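Me: I have a structure open here and would like to talk it through piece by piece. Could you keep the answers plain?

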Amino acid sequence: MYRANLATGRGRIVIQGPGPEHPVAGLKIDAWGRLFLCGGASGEIRIADLRTGRITKTFSVGTDLTLVNDVFLTPDAAWFTDSFEPQLYKLPLGRRGEPADRVVTVPLSGDWVQGAVITGNGITATPDGRALLVVNDFADGGSLMRVNPRTGVARRVDIGPLLLPNGDGLLLLGRLLYVVQQRQNAIDVLRLDAAGTRGTAVTRITDPEHFRVPTTAAVHGDRIYLPNARFDVEAPTPETDYDVVSVERVRA
């Protein structure tokens, strides 16, 4: 894990990974300096401590098909998506964010349709915080699902004619939802109702000069920052260049 200055890109390694068989696909940091790491095809969920640089907990979840893709933190749990299995993983958290000793698997049902390719992807909460929003890259040509965190029942969010076949990272700011459509080199911005049952397209952000398959988004000040995953490179090498790009956030 590399910690970088947003202005210069200079930084240093703060968490040393355990090796190429243990990748990281997504991450979130909490208020106590814990990093929650998605282990991708390793099927691992890892917790790391930024203060010490150590990985403090590792959980193995899912099956041989599992790809732990993205994570979102709520006040009482860390929620992880699985791109190849119709389920979420819930890691309960204590009052000060302490992770529990086991992960709970939450099967997805209702409107959820699992495809043979990457299906579950980005995850966040509804504006009212009562449910989860998860990208389904397969159902109905690419959908946004509202998931009951207690039952796993998913209902398709009405977002009009907009399709999300390349929907990846989600960023919710107020009622504005930023959906990174990676291979389209675009961000679709939706305005949601409080419950997250309906959304209206506000705008599409593109930057053909600088977007090179961005996969997720984070906010700092009035800018949205996106890492370019470089999926446009068929066989990346140690010399392949990577960067982070930023765009102005949309004002409601």
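Me: Which way do strand E3 and E4 pair, and over how many bridges?

Reply: This is a predicted model, and in it strand E3 (residues 26–29) pairs with E4 in the antiparallel sense, over four bridges. Within that pairing, glycine 26 stands opposite cysteine 38 in E4.

Me: Is E4 itself enclosed or open, and why?

Reply: Strand E4 (residues 34–38) is largely enclosed by the rest of the structure, because five of its five residues are buried. The cover extends to both faces, with Arg34, Phe36 and Cys38 buried on one side and Leu35 and Leu37 buried on the other.

Me: Which residue in E5 stands opposite leucine 37?

Reply: Leucine 37 stands opposite arginine 46 in E5, a strand that covers residues 44–49.

Me: Arginine 46, then: buried or exposed?

Reply: Arginine 46 is buried, with a relative accessible area of 2%, where the cut-off for buried is under 20%.

Me: What lies 2.9 Å from a polar atom of its side chain, that is, of arginine 46?

Reply: The backbone oxygen of histidine 22 lies at that distance, 2.9 Å, from a polar atom of the arginine 46 side chain. The backbone oxygen of proline 23 also comes up, at 2.7 Å from a polar atom of the side chain of arginine 46.

Me: Which other residues is arginine 46 in contact with, leaving aside its neighbours within four places in sequence?

Reply: With those neighbours left aside, the contacts of arginine 46 include Pro18, His22, Pro23 and Val24, and also Leu35, Phe36, Leu37 and Gly39. Ile55, Lys57 and Thr58 are in contact with arginine 46 as well.

Me: Changing topic, in what order do the four strands of the open sheet with E16 come?

Reply: The order is E16-E17-E18-E19, and the pairing in this open sheet is antiparallel. Strand E16 (167–173) and strand E19 (199–206) stand at the edges with a single partner strand each, so one side of each is left without a neighbour in the sheet. From one strand to the next, the twist averages 25 degrees.

Me: How many bridges do E16 and strand E17 pair over?

Reply: E16 and strand E17 (residues 176–181) pair over five bridges in the antiparallel sense, and leucine 171 stands opposite tyrosine 178 in E17.

Me: How about strand E18 and E19, over how many bridges do they pair?

Reply: Strand E18 (residues 186–192) and E19 pair over seven bridges, again in the antiparallel sense, with arginine 191 standing opposite threonine 200 in E19. E18 and E19 form a hairpin with six residues between them, and glycine 196 in the turn has a positive phi of about 75 degrees.

Me: What is the order in the open sheet of three strands?

Reply: That sheet has the order E20-E21-E22, with antiparallel pairing. Strand E20 (218–220) and strand E22 (244–248) are at the edges, and each has a single partner strand, so one side of each is left without a neighbour in the sheet. The twist here averages 35 degrees from one strand to the next.

Me: Over how many bridges do E20 and strand E21 pair?

Reply: E20 and strand E21 (residues 223–227) pair over three bridges in the antiparallel sense, and histidine 220 stands opposite arginine 223 in E21.

Me: Stepping back, how many helices and strands does the protein chain have?

Reply: The protein chain has zero helices and 22 strands. Its radius of gyration is 17 Å, which agrees with the value near 18 Å that a compact globule of 252 residues would have.

Me: And what share of the residues count as buried?

Reply: Of the 252 residues of the protein chain, 46% count as buried. The chain exposes about 12800 Å², of which carbon and sulfur atoms supply 51%.

Technical notes
Residues numbered from 1 in each chain as written. Predicted model: local features only at pLDDT ≥ 70, side-chain atom pairs only at ≥ 80, totals over all residues. Heavy atoms only, no water. Pairing = 2+ DSSP bridges. Helix = DSSP H or I, 4+ residues; strand = E, 2+ residues; numbered from the N terminus. Axes fitted to C-alpha atoms, helices over the stretch in contact; angles between N-to-C directions. Buried < 20%, exposed > 50% of the residue type's maximum accessible area, 1.4 Å probe, protein only. Polar contact = N/O pair within 3.5 Å; in protein donor to acceptor, adjacent residues only side chain to side chain. Contact = heavy atoms within 4.5 Å. Rg over C-alpha atoms; globule rule 2.2 N^0.38 Å. Areas by Shrake-Rupley, 256 points an atom, 1.4 Å probe, with all protein chains shown as cover.
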